[in-house]
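Dear colleague,

I am handing over the structure that you will be working with, and it is shown just below. Please look through it first, and then read my notes on what was found in it.

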Amino acid sequence: MNIPMVDLRSQYLKIKEEVDSKIFNVLDTTAFINGDDVKMFRNELANYLNVKHAITCGNGTDALQIAMMALGLQPGDEVISTDFTFIATVETIALLKLTPVMVDVDPDTFCIDPDKIEKAISPRTKAIMPVHLFGQCADMDRIMEIAEKYNLYVIEDTAQAIGSDFTSDKGWTKKAGTIGHIGCTSFFPSKNLGCYGDGGAIFTNDDELSEKMNSIVNHGMEIRYYHDRIGVNSRLDTIQAAVLRVKLPLLDEYNLARLSAADYYDKAFANCDKIITPKRFNKSTHTFHQYTVQLNNVDREGLQAYLKSKGIASAVYYPVALHNQKAFKGYKYDPNGFAVTNQLCKTVLSLPINTELDNDTLKYITDNVLSFINSDY
Ligand SMILES: *Cc1c(COP(=O)(O)O)cnc(C)c1O
(Lines give C-alpha, C1' and ligand atoms only; values in the text may rest on other atoms or scores of the structure.)
Protein backbone atom coordinates (compact mmCIF):
# COMPACT_ATOMS: atom_id res chain seq x y z
CA MET A 1 0.00 0.00 0.00
CA ASN A 2 1.16 3.48 -0.82
CA ILE A 3 -1.43 6.14 -0.18
CA PRO A 4 -0.20 9.68 -0.85
CA MET A 5 -1.90 12.88 0.35
CA VAL A 6 -2.76 13.75 -3.25
CA ASP A 7 -2.86 11.40 -6.20
CA LEU A 8 -2.15 13.54 -9.23
CA ARG A 9 -1.11 10.63 -11.39
CA SER A 10 -4.38 8.66 -11.27
CA GLN A 11 -6.27 11.88 -11.90
CA TYR A 12 -4.07 12.72 -14.87
CA LEU A 13 -4.45 9.28 -16.45
CA LYS A 14 -8.22 9.79 -16.64
CA ILE A 15 -7.86 13.00 -18.67
CA LYS A 16 -4.55 12.19 -20.33
CA GLU A 17 -5.78 12.12 -23.89
CA GLU A 18 -7.41 15.52 -23.75
CA VAL A 19 -4.63 17.13 -21.73
CA ASP A 20 -1.89 15.73 -23.95
CA SER A 21 -3.61 16.87 -27.11
CA LYS A 22 -4.19 20.37 -25.71
CA ILE A 23 -0.53 20.61 -24.63
CA PHE A 24 0.71 19.41 -28.03
CA ASN A 25 -1.52 21.96 -29.65
CA VAL A 26 0.24 24.71 -27.68
CA LEU A 27 3.61 23.30 -28.71
CA ASP A 28 2.42 23.35 -32.29
CA THR A 29 1.35 27.00 -32.19
CA THR A 30 4.40 28.04 -30.09
CA ALA A 31 2.24 30.74 -28.48
CA PHE A 32 3.75 29.95 -25.11
CA ILE A 33 2.95 33.31 -23.53
CA ASN A 34 -0.54 34.84 -23.71
CA GLY A 35 -1.76 32.26 -26.20
CA ASP A 36 -5.44 31.70 -26.96
CA ASP A 37 -5.85 29.20 -24.13
CA VAL A 38 -4.88 31.89 -21.62
CA LYS A 39 -7.51 34.29 -22.93
CA MET A 40 -10.17 31.59 -23.07
CA PHE A 41 -9.32 30.27 -19.63
CA ARG A 42 -9.68 33.74 -18.14
CA ASN A 43 -13.18 34.02 -19.56
CA GLU A 44 -14.14 30.51 -18.55
CA LEU A 45 -12.87 31.08 -15.02
CA ALA A 46 -14.75 34.38 -14.71
CA ASN A 47 -17.92 32.65 -15.94
CA TYR A 48 -17.51 29.76 -13.54
CA LEU A 49 -17.01 32.12 -10.60
CA ASN A 50 -19.68 34.52 -11.80
CA VAL A 51 -17.27 37.41 -11.41
CA LYS A 52 -16.65 40.25 -13.85
CA HIS A 53 -12.89 39.93 -14.23
CA ALA A 54 -10.43 37.07 -13.81
CA ILE A 55 -6.76 37.93 -14.36
CA THR A 56 -4.28 35.09 -14.54
CA CYS A 57 -0.78 35.31 -13.06
CA GLY A 58 2.25 33.23 -12.22
CA ASN A 59 1.18 31.75 -8.86
CA GLY A 60 -1.02 32.34 -5.83
CA THR A 61 1.64 34.23 -3.91
CA ASP A 62 2.01 36.73 -6.75
CA ALA A 63 -1.78 37.04 -6.89
CA LEU A 64 -1.83 38.27 -3.28
CA GLN A 65 1.04 40.68 -3.88
CA ILE A 66 -0.50 42.09 -7.05
CA ALA A 67 -3.84 42.57 -5.28
CA MET A 68 -2.21 44.68 -2.56
CA MET A 69 -0.18 46.64 -5.11
CA ALA A 70 -3.36 47.45 -7.04
CA LEU A 71 -5.03 48.74 -3.90
CA GLY A 72 -2.19 51.23 -3.51
CA LEU A 73 -1.29 50.13 0.00
CA GLN A 74 1.71 52.05 1.33
CA PRO A 75 4.59 51.00 3.59
CA GLY A 76 3.42 51.01 7.18
CA ASP A 77 -0.22 50.36 6.31
CA GLU A 78 -1.60 47.50 8.35
CA VAL A 79 -3.24 44.42 6.89
CA ILE A 80 -5.12 42.09 9.20
CA SER A 81 -4.86 38.41 8.46
CA THR A 82 -4.76 35.10 10.25
CA ASP A 83 -2.06 33.40 12.21
CA PHE A 84 -2.99 29.94 10.94
CA THR A 85 -2.35 29.78 7.20
CA PHE A 86 0.31 29.04 4.65
CA ILE A 87 3.05 31.65 4.92
CA ALA A 88 2.36 33.18 1.47
CA THR A 89 -0.65 35.05 2.82
CA VAL A 90 1.29 37.04 5.37
CA GLU A 91 4.65 36.93 3.62
CA THR A 92 3.37 39.10 0.77
CA ILE A 93 2.11 41.70 3.25
CA ALA A 94 5.58 41.90 4.79
CA LEU A 95 7.31 41.84 1.40
CA LEU A 96 5.51 45.06 0.41
CA LYS A 97 6.66 46.64 3.69
CA LEU A 98 3.12 46.69 4.96
CA THR A 99 2.58 45.60 8.55
CA PRO A 100 1.05 42.17 9.01
CA VAL A 101 -1.36 42.13 11.94
CA MET A 102 -2.21 38.52 12.65
CA VAL A 103 -5.19 37.47 14.70
CA ASP A 104 -6.42 34.18 16.07
CA VAL A 105 -8.74 31.80 14.26
CA ASP A 106 -12.18 30.44 14.96
CA PRO A 107 -11.89 27.04 16.69
CA ASP A 108 -14.61 25.50 14.49
CA THR A 109 -13.65 26.68 11.00
CA PHE A 110 -9.92 27.42 11.51
CA CYS A 111 -10.61 30.65 9.57
CA ILE A 112 -10.02 34.16 10.88
CA ASP A 113 -12.13 34.92 13.95
CA PRO A 114 -14.29 37.98 13.14
CA ASP A 115 -14.53 38.87 16.83
CA LYS A 116 -10.76 39.34 16.89
CA ILE A 117 -10.62 41.51 13.78
CA GLU A 118 -12.36 44.55 15.18
CA LYS A 119 -10.04 44.65 18.20
CA ALA A 120 -7.02 44.60 15.89
CA ILE A 121 -8.09 47.63 13.86
CA SER A 122 -5.97 50.79 14.22
CA PRO A 123 -5.90 54.08 12.33
CA ARG A 124 -3.31 52.49 10.01
CA THR A 125 -5.43 49.47 9.11
CA LYS A 126 -6.19 49.39 5.40
CA ALA A 127 -7.27 45.87 4.58
CA ILE A 128 -8.43 42.52 5.90
CA MET A 129 -7.13 39.36 4.26
CA PRO A 130 -9.25 36.36 5.24
CA VAL A 131 -8.11 32.89 4.20
CA HIS A 132 -10.75 30.31 3.32
CA LEU A 133 -8.73 27.60 4.97
CA PHE A 134 -8.87 23.92 3.99
CA GLY A 135 -11.82 24.55 1.64
CA GLN A 136 -14.32 26.37 3.81
CA CYS A 137 -15.16 30.07 3.70
CA ALA A 138 -14.50 32.45 6.55
CA ASP A 139 -17.55 34.31 7.82
CA MET A 140 -17.70 36.84 5.00
CA ASP A 141 -20.91 38.44 6.34
CA ARG A 142 -19.12 39.56 9.47
CA ILE A 143 -15.90 40.43 7.65
CA MET A 144 -17.66 42.60 5.04
CA GLU A 145 -19.67 44.31 7.80
CA ILE A 146 -16.49 45.23 9.67
CA ALA A 147 -14.80 46.31 6.43
CA GLU A 148 -17.68 48.63 5.57
CA LYS A 149 -17.80 50.08 9.07
CA TYR A 150 -14.08 50.94 9.03
CA ASN A 151 -13.72 51.54 5.29
CA LEU A 152 -11.26 48.70 4.69
CA TYR A 153 -10.46 46.60 1.65
CA VAL A 154 -11.05 42.88 1.73
CA ILE A 155 -8.72 40.54 -0.15
CA GLU A 156 -9.84 36.91 -0.03
CA ASP A 157 -7.15 34.24 -0.13
CA THR A 158 -9.04 31.52 -1.98
CA ALA A 159 -6.04 29.31 -2.74
CA GLN A 160 -7.61 26.44 -0.77
CA ALA A 161 -11.28 27.01 -1.54
CA ILE A 162 -11.78 27.45 -5.25
CA GLY A 163 -15.36 26.44 -6.05
CA SER A 164 -16.72 26.79 -2.50
CA ASP A 165 -20.03 28.63 -2.15
CA PHE A 166 -20.75 31.14 0.59
CA THR A 167 -24.38 31.79 1.44
CA SER A 168 -24.98 35.08 3.20
CA ASP A 169 -27.49 35.78 5.96
CA LYS A 170 -28.90 38.19 3.40
CA GLY A 171 -29.86 35.31 1.13
CA TRP A 172 -27.35 35.52 -1.72
CA THR A 173 -24.83 32.81 -2.58
CA LYS A 174 -21.47 33.64 -4.15
CA LYS A 175 -18.31 31.76 -4.97
CA ALA A 176 -15.40 32.06 -2.55
CA GLY A 177 -13.13 34.87 -3.71
CA THR A 178 -15.86 36.98 -5.30
CA ILE A 179 -17.29 38.61 -2.18
CA GLY A 180 -14.52 41.00 -1.11
CA HIS A 181 -12.85 43.60 -3.33
CA ILE A 182 -10.34 41.12 -4.72
CA GLY A 183 -10.02 37.33 -4.59
CA CYS A 184 -6.76 35.46 -5.14
CA THR A 185 -6.16 31.83 -5.93
CA SER A 186 -3.40 29.36 -6.74
CA PHE A 187 -3.24 26.61 -9.33
CA PHE A 188 -0.34 24.83 -7.63
CA PRO A 189 -0.64 21.16 -8.70
CA SER A 190 -2.04 19.92 -5.39
CA LYS A 191 -4.71 22.63 -5.07
CA ASN A 192 -8.32 21.70 -5.85
CA LEU A 193 -7.90 23.19 -9.32
CA GLY A 194 -4.25 22.49 -10.02
CA CYS A 195 -2.21 22.89 -13.19
CA TYR A 196 1.02 21.04 -14.01
CA GLY A 197 3.39 23.67 -12.74
CA ASP A 198 2.80 27.06 -11.10
CA GLY A 199 -0.19 29.27 -11.77
CA GLY A 200 -2.54 31.72 -10.12
CA ALA A 201 -5.40 34.11 -10.66
CA ILE A 202 -6.97 37.25 -9.24
CA PHE A 203 -10.69 38.09 -9.47
CA THR A 204 -12.66 41.26 -9.02
CA ASN A 205 -15.94 42.87 -9.96
CA ASP A 206 -14.28 46.30 -9.98
CA ASP A 207 -13.37 47.55 -13.48
CA GLU A 208 -10.72 49.96 -12.26
CA LEU A 209 -8.96 47.40 -10.07
CA SER A 210 -9.08 44.90 -12.91
CA GLU A 211 -7.42 47.36 -15.26
CA LYS A 212 -4.70 48.10 -12.69
CA MET A 213 -4.02 44.43 -12.02
CA ASN A 214 -3.90 43.64 -15.73
CA SER A 215 -1.25 46.29 -16.04
CA ILE A 216 0.71 45.27 -12.91
CA VAL A 217 1.06 41.61 -13.99
CA ASN A 218 2.73 42.86 -17.14
CA HIS A 219 5.34 45.41 -15.97
CA GLY A 220 2.80 48.19 -15.57
CA MET A 221 2.48 48.30 -19.31
CA GLU A 222 -0.57 48.80 -21.48
CA ILE A 223 1.11 50.01 -24.65
CA ARG A 224 4.29 48.06 -25.28
CA TYR A 225 7.34 49.72 -23.70
CA TYR A 226 5.27 52.49 -22.13
CA HIS A 227 5.16 51.81 -18.39
CA ASP A 228 2.47 53.60 -16.39
CA ARG A 229 3.31 52.13 -13.01
CA ILE A 230 5.73 49.74 -11.33
CA GLY A 231 4.62 46.23 -12.02
CA VAL A 232 5.91 42.70 -11.99
CA ASN A 233 6.30 39.89 -14.49
CA SER A 234 3.74 37.31 -13.46
CA ARG A 235 2.03 35.21 -16.10
CA LEU A 236 0.15 31.98 -16.41
CA ASP A 237 1.83 30.30 -19.36
CA THR A 238 -0.25 28.91 -22.19
CA ILE A 239 0.55 25.27 -21.46
CA GLN A 240 -0.78 25.68 -17.91
CA ALA A 241 -3.87 27.47 -19.20
CA ALA A 242 -4.47 24.57 -21.61
CA VAL A 243 -4.33 22.08 -18.72
CA LEU A 244 -6.65 24.24 -16.63
CA ARG A 245 -9.16 24.47 -19.48
CA VAL A 246 -9.49 20.68 -19.32
CA LYS A 247 -9.75 20.61 -15.54
CA LEU A 248 -12.05 23.58 -14.83
CA PRO A 249 -15.18 21.81 -16.18
CA LEU A 250 -14.34 18.94 -13.82
CA LEU A 251 -13.83 21.09 -10.74
CA ASP A 252 -17.31 20.61 -9.27
CA GLU A 253 -17.02 16.86 -9.76
CA TYR A 254 -13.54 16.90 -8.20
CA ASN A 255 -14.80 18.87 -5.21
CA LEU A 256 -17.69 16.44 -4.74
CA ALA A 257 -15.25 13.51 -4.75
CA ARG A 258 -13.32 15.24 -1.97
CA LEU A 259 -16.53 15.87 -0.06
CA SER A 260 -17.54 12.26 -0.32
CA ALA A 261 -14.16 11.11 1.04
CA ALA A 262 -14.62 13.62 3.90
CA ASP A 263 -18.08 12.20 4.62
CA TYR A 264 -16.56 8.73 4.83
CA TYR A 265 -13.94 9.94 7.31
CA ASP A 266 -16.56 11.78 9.37
CA LYS A 267 -18.68 8.64 9.72
CA ALA A 268 -15.74 6.36 10.48
CA PHE A 269 -14.54 8.66 13.28
CA ALA A 270 -17.97 9.68 14.59
CA ASN A 271 -17.78 7.50 17.69
CA CYS A 272 -14.15 8.14 18.52
CA ASP A 273 -13.76 10.83 21.16
CA LYS A 274 -10.04 11.12 20.48
CA ILE A 275 -10.67 12.46 16.99
CA ILE A 276 -12.47 15.74 16.48
CA THR A 277 -13.66 15.78 12.87
CA PRO A 278 -13.80 19.08 10.95
CA LYS A 279 -16.89 21.14 11.75
CA ARG A 280 -19.02 22.19 8.82
CA PHE A 281 -19.86 25.89 8.72
CA ASN A 282 -23.52 26.34 7.80
CA LYS A 283 -22.83 29.36 5.57
CA SER A 284 -20.25 27.67 3.37
CA THR A 285 -19.92 24.54 1.34
CA HIS A 286 -16.72 22.65 2.09
CA THR A 287 -14.44 21.67 -0.78
CA PHE A 288 -11.99 19.87 1.51
CA HIS A 289 -8.65 21.01 0.21
CA GLN A 290 -7.54 19.29 3.39
CA TYR A 291 -9.31 16.87 5.68
CA THR A 292 -7.95 18.00 9.02
CA VAL A 293 -8.87 16.47 12.35
CA GLN A 294 -7.90 17.57 15.84
CA LEU A 295 -6.44 14.85 18.00
CA ASN A 296 -7.52 14.73 21.60
CA ASN A 297 -4.78 13.24 23.76
CA VAL A 298 -3.20 11.22 21.01
CA ASP A 299 0.52 10.89 20.35
CA ARG A 300 0.50 12.63 16.97
CA GLU A 301 4.03 11.69 15.99
CA GLY A 302 3.39 8.11 17.01
CA LEU A 303 0.25 7.99 14.91
CA GLN A 304 2.03 9.49 11.92
CA ALA A 305 4.86 6.98 12.22
CA TYR A 306 2.37 4.11 12.53
CA LEU A 307 0.45 5.29 9.45
CA LYS A 308 3.70 5.68 7.55
CA SER A 309 4.60 2.07 8.39
CA LYS A 310 1.28 1.10 6.79
CA GLY A 311 2.02 3.15 3.68
CA ILE A 312 -0.39 5.95 4.58
CA ALA A 313 0.72 9.56 4.25
CA SER A 314 -0.39 12.21 6.72
CA ALA A 315 0.66 15.81 7.30
CA VAL A 316 0.55 18.61 9.82
CA TYR A 317 -0.88 21.82 8.39
CA TYR A 318 0.46 23.85 10.14
CA PRO A 319 3.02 22.91 12.78
CA VAL A 320 4.10 26.46 13.69
CA ALA A 321 1.85 29.49 14.10
CA LEU A 322 2.96 32.36 11.91
CA HIS A 323 3.57 34.65 14.89
CA ASN A 324 6.14 32.10 16.06
CA GLN A 325 7.96 31.87 12.74
CA LYS A 326 11.51 33.21 12.67
CA ALA A 327 10.64 35.21 9.57
CA PHE A 328 8.25 37.35 11.65
CA LYS A 329 10.42 37.80 14.70
CA GLY A 330 10.81 41.51 13.92
CA TYR A 331 7.13 42.15 14.61
CA LYS A 332 5.57 42.40 18.03
CA TYR A 333 2.67 40.11 18.82
CA ASP A 334 0.82 39.50 22.03
CA PRO A 335 1.87 35.94 22.88
CA ASN A 336 -1.46 35.41 24.63
CA GLY A 337 -3.46 36.42 21.59
CA PHE A 338 -3.31 33.12 19.75
CA ALA A 339 -4.76 30.47 22.05
CA VAL A 340 -6.69 28.66 19.31
CA THR A 341 -3.87 28.66 16.78
CA ASN A 342 -1.34 27.49 19.35
CA GLN A 343 -3.62 24.61 20.31
CA LEU A 344 -4.28 23.68 16.67
CA CYS A 345 -0.59 23.60 15.82
CA LYS A 346 -0.18 20.91 18.48
CA THR A 347 -3.25 18.82 17.67
CA VAL A 348 -4.14 18.97 13.97
CA LEU A 349 -3.51 16.15 11.55
CA SER A 350 -4.44 16.07 7.87
CA LEU A 351 -5.25 12.74 6.24
CA PRO A 352 -5.04 11.88 2.54
CA ILE A 353 -7.75 13.63 0.58
CA ASN A 354 -7.99 13.87 -3.16
CA THR A 355 -10.24 13.07 -6.08
CA GLU A 356 -9.15 9.45 -6.41
CA LEU A 357 -9.94 7.80 -3.06
CA ASP A 358 -12.21 4.77 -3.16
CA ASN A 359 -14.00 3.21 -0.21
CA ASP A 360 -11.52 0.34 0.15
CA THR A 361 -8.66 2.81 0.49
CA LEU A 362 -10.64 4.97 2.91
CA LYS A 363 -11.48 1.91 4.98
CA TYR A 364 -7.82 0.91 5.09
CA ILE A 365 -6.86 4.41 6.26
CA THR A 366 -9.58 4.78 8.87
CA ASP A 367 -9.12 1.21 10.20
CA ASN A 368 -5.45 1.91 10.72
CA VAL A 369 -6.03 5.29 12.35
CA LEU A 370 -8.55 3.75 14.74
CA SER A 371 -6.45 0.71 15.47
CA PHE A 372 -3.56 2.94 16.59
CA ILE A 373 -5.83 5.19 18.62
CA ASN A 374 -7.70 2.37 20.30
CA SER A 375 -4.55 0.47 21.22
CA ASP A 376 -2.66 1.24 24.44
CA TYR A 377 0.50 2.32 22.67
C1 LIG B 1 -0.97 27.58 -1.78
C2 LIG B 1 -1.34 28.79 -1.04
C3 LIG B 1 -0.88 30.06 -1.43
C4 LIG B 1 0.19 30.29 -2.44
O5 LIG B 1 0.01 29.76 -3.69
P6 LIG B 1 1.30 29.48 -4.64
O7 LIG B 1 0.66 29.25 -5.97
O8 LIG B 1 1.97 28.28 -4.10
O9 LIG B 1 2.15 30.68 -4.63
C10 LIG B 1 -1.37 31.16 -0.74
N11 LIG B 1 -2.23 31.03 0.26
C12 LIG B 1 -2.68 29.82 0.68
C13 LIG B 1 -3.65 29.76 1.79
C14 LIG B 1 -2.23 28.67 0.05
O15 LIG B 1 -2.66 27.48 0.48
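**Around the ligand**

By class, the shell around the ligand is made up of 4 nonpolar, 8 polar and 2 charged residues, where Ala, Val, Leu, Ile, Met, Phe, Trp, Tyr, Cys and Pro count as nonpolar, Asp, Glu, Lys and Arg as charged, and the others, Gly among them, as polar. Please keep in mind that this is a predicted model, in which local features need pLDDT of at least 70 and side-chain atom pairs count only at pLDDT 80 or more, while totals for chains, interfaces and linings use all residues. Residues are numbered from 1 along each chain as its sequence is written, and side-chain values use heavy atoms, with hydrogens and water left out.

Of the 14 residues around the ligand, Gly60, Thr61, Asp157, Ser186 and Lys191 come nearest; a residue is near a molecule if one of its heavy atoms lies within 4 Å of it. The helices α3 (60-70) and α4 (88-95) each supply at least two residues of this shell, helices being DSSP runs of H or I with at least four residues and strands runs of E with at least two, numbered from the N terminus.

Gln160 has a polar side-chain atom 2.8 Å from an oxygen atom of the ligand. The ligand taken alone exposes 380 Å², of which the protein buries 92%, with accessible areas from the Shrake-Rupley method and a 1.4 Å probe.

**Residues in the loops**

Gln136 is found in the loop between β4 (125-129) and α6 (140-150), and a polar atom of its side chain lies 2.8 Å from the backbone nitrogen of Phe281. Gln136 counts as buried because its relative accessibility is 2%, where buried means under 20% relative accessible area, exposed over 50%, and partly exposed in between (1.4 Å probe, protein chains only).

His219, in the loop between α7 (207-216) and α8 (238-247), has a positive phi of about 60° although it is not a glycine, and at 34% relative accessibility His219 counts as partly exposed. Phe288, in the loop between β10 (275-276) and β11 (291-295), also has a positive phi, near 45°, but Phe288 counts as buried at 0% relative accessibility.

Finally, a cis peptide bond with omega of about 5° joins Tyr317 and Tyr318, and Tyr318 is found in the loop between α10 (300-309) and α11 (339-347).

Best wishes

Key. Polar contact = N/O pair within 3.5 Å; in protein donor to acceptor, adjacent residues only side chain to side chain.
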